[in-house]
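Here is a walk through the charged pairs of a protein chain and a patch on its surface. Keep the sequence beside the model while reading.

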Amino acid sequence: MDIKELYNLYKQHPCITTDSRDCPEGSIFLALKGESFDGNKFAVQALQKGCAYAIVDDEGVAGEAEGTEYRSRLILVGDCLQTFKDLAREHRRQFPISVIGITGTNGKTTTKELVATVLQQKYNVLFTQGNFNNDVGVPKTLFRLNKDHQIAVIEMGASHPGDIRTLVNTAEPTCGLITNVGRAHLQGFGSFEGVKKTKGELYDFLSQADENSVDEGFVFVNTDDEDLMQMVSERNIIFTAGYGTTPTEETSVLGRIVACDPYLRFQWCFYDSEEEEQEWFTVNTHLIGSYNLYNMLAAISVGLYFDVDPEPINRALSDYVPHNNRSQLTETERNHLIVDAYNANPTSMAAALRNFRDMAVSPKMAILGDMRELGDVSAEEHQRAVDLMKEYGLETVWLVGEEFGKTDCSYRKFADVEAVKKAIAQERPAGFYILVKGSNSMLLWQLPELL
């Protein structure tokens with residue numbers, strides 16, 4: 001069966017499941033593999049539970065089913081994951097709508113949420129839920145597309161060279177946005193240049209819009225970011241919508257910070273170099289961190305391009321409340337918590353510490369976990385983070401993990417999150433503004449309920 005034949009089968013059974021524990025009647029089971037599981041082993045079981053068909057890539061499964069009632073409902077393909085992506089692309093092609101691809105080292109999930117929130121003021125929007133931004137999550141998102149959707153916002157993550165190329169070839173975005181490029185997943189990318197090359201695969205796809213049968217093919221760019229501007233200049237990008245804090249020829253949305261006390265308050269305007277006076281709009285947000293200004297300006301830039309008026313844009317950004325351990329301020333009985341515990345890398349750690357330094361609050365305390373997947377530069381980057389804390393005058397700091405444990409400093413060190421929990425239970429810190437940040441695998445997101 002080729003992809004079009006498989007897609008015709010999907011139209012008769014428009015539900016794909018990759019979990020043998022969840023097999024709706026008449027659905028199609030697709031046998032994905034992981035490090036610790038092989039869906040092929042559960043294909044027949046899925047048919048027994050009610051699936052109409054099962055797609056497998058293990059010939060042994062089909063052989064074992066010979067002579068049984070299930071053999072005719074097993075579809076053998078070369079690679080189930082590739083088939084999943086190809087089917088998702090075929091489904092996406094049924095809907096001639098704008099698809100916005102979003103990637104970046106930091107801020108892509110928050111930006112995706114903000115862009116979707118702004119666009120929802122005028123459109124029915126499909127957007128990535130949670131962090132379904134890899135080669136399994138993106139297809140799952142695309143399969144949610146239906147005739148009622150008018151626009152789609154697809155988040156794309158990467159930790160190895162070629163990851164974004166794979167995702168754009170699946171989602172086929174019509175326009176795109178890279179939030180930034182920073183020092184993250186260096187173990188997988190090999191170098192910062194590897195990060196730029198991989199993130200730039202979104203630009204590569206859009207610069208070949210005609211070849212890829214994409215109607216639009218343009219990008220929204222932070223004109224303050226020298227790396228992004230260089231990446232754009234190296235490619236034949238059809239159209240660029242710029243946003244930033246410094247006026248340039250490419251800037252169409254200009255922003256400036258009013259305050260971070262602790263929430264971000266900012267102003268923005270349509271920038272026109274020929275106008276002496278600009279009309280500024282003020283937005284009060286529920287986000288912590290001056291670094292979120294660029295995420296806000298990105299959402300404004302996208303909204304304006306798609307003809308959302310300033311008033312609903314401002315309302316959407318003012319009303320947005322984070323709910324995913326990113327840039328959140330939480331008030332407990334004892335403390336105020338700045339929770340950013342979903343991810344950490346040198347770029348985002350430096351931004352979080354800089355913002356924490358600038359917050360006009362006291363007393364301050366930081367609980368920081370290791371930054372993972374940094375490879376050979378891990379020791380250097382963790383020491384750099386510690387040196388930054390000293391420079392910023394942070395005194396009450398708890399460091400968690402093996403990498404921070406190797407640093408040269410007098411801050412308190414803990415082996416893991418369990419050791420931190422014991423210290424919190426014994427000492428019950430109170431009256432602090434506490435920054436909680438670390439890679440997700442450090443499990444610091446378990447701490448807020450104890451603080």
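**Surface patch and salt bridges**

Tyr305 is found in helix α12, residues 292–305; helices (H or I, at least four residues) and strands (E, at least two) are DSSP runs, numbered from the N terminus. This is a predicted model, in which local features need pLDDT of at least 70, side-chain atom pairs count only at pLDDT 80 or more, and totals for chains, interfaces and linings use all residues. Residues are numbered from 1 along each chain as its sequence is written, and side-chain values use heavy atoms, with hydrogens and water left out.

Tyr305 has a relative accessible area of 35% and is partly exposed (buried means under 20%, exposed over 50%, partly exposed in between; 1.4 Å probe, protein chains only). Together with Ile238 and Phe239, Tyr305 forms a nonpolar surface patch with about 290 Å² of accessible area.

A salt bridge here is a side-chain nitrogen of Lys or Arg within 4 Å of a carboxyl oxygen of Asp or Glu. By this rule there are 23 salt bridges. One of them joins Lys196 and Asp227 at 3.5 Å, N to O. Lys196 lies in helix α9 (residues 192–199) and Asp227 in helix α11 (residues 226–233), so this pair ties together parts that are 31 residues apart in sequence. Lys196 is buried at 9% relative accessibility, while Asp227 is partly exposed at 24%.

Glu381 and Arg384 also meet in a salt bridge (3.5 Å, N to O). Both lie in helix α15 (residues 378–391), three residues apart, about one turn of the helix. Glu381 is buried, at 2%, whereas Arg384 is partly exposed, at 44%.

How values were computed: Patches are made of residues with over 30% relative accessible area and no salt bridge: like charges are joined within 9 Å, nonpolar side chains (Val, Leu, Ile, Met, Phe, Trp, Tyr) within 5 Å. Accessible areas come from the Shrake-Rupley method with a 1.4 Å probe; for residues, only the protein chains shown count as cover.
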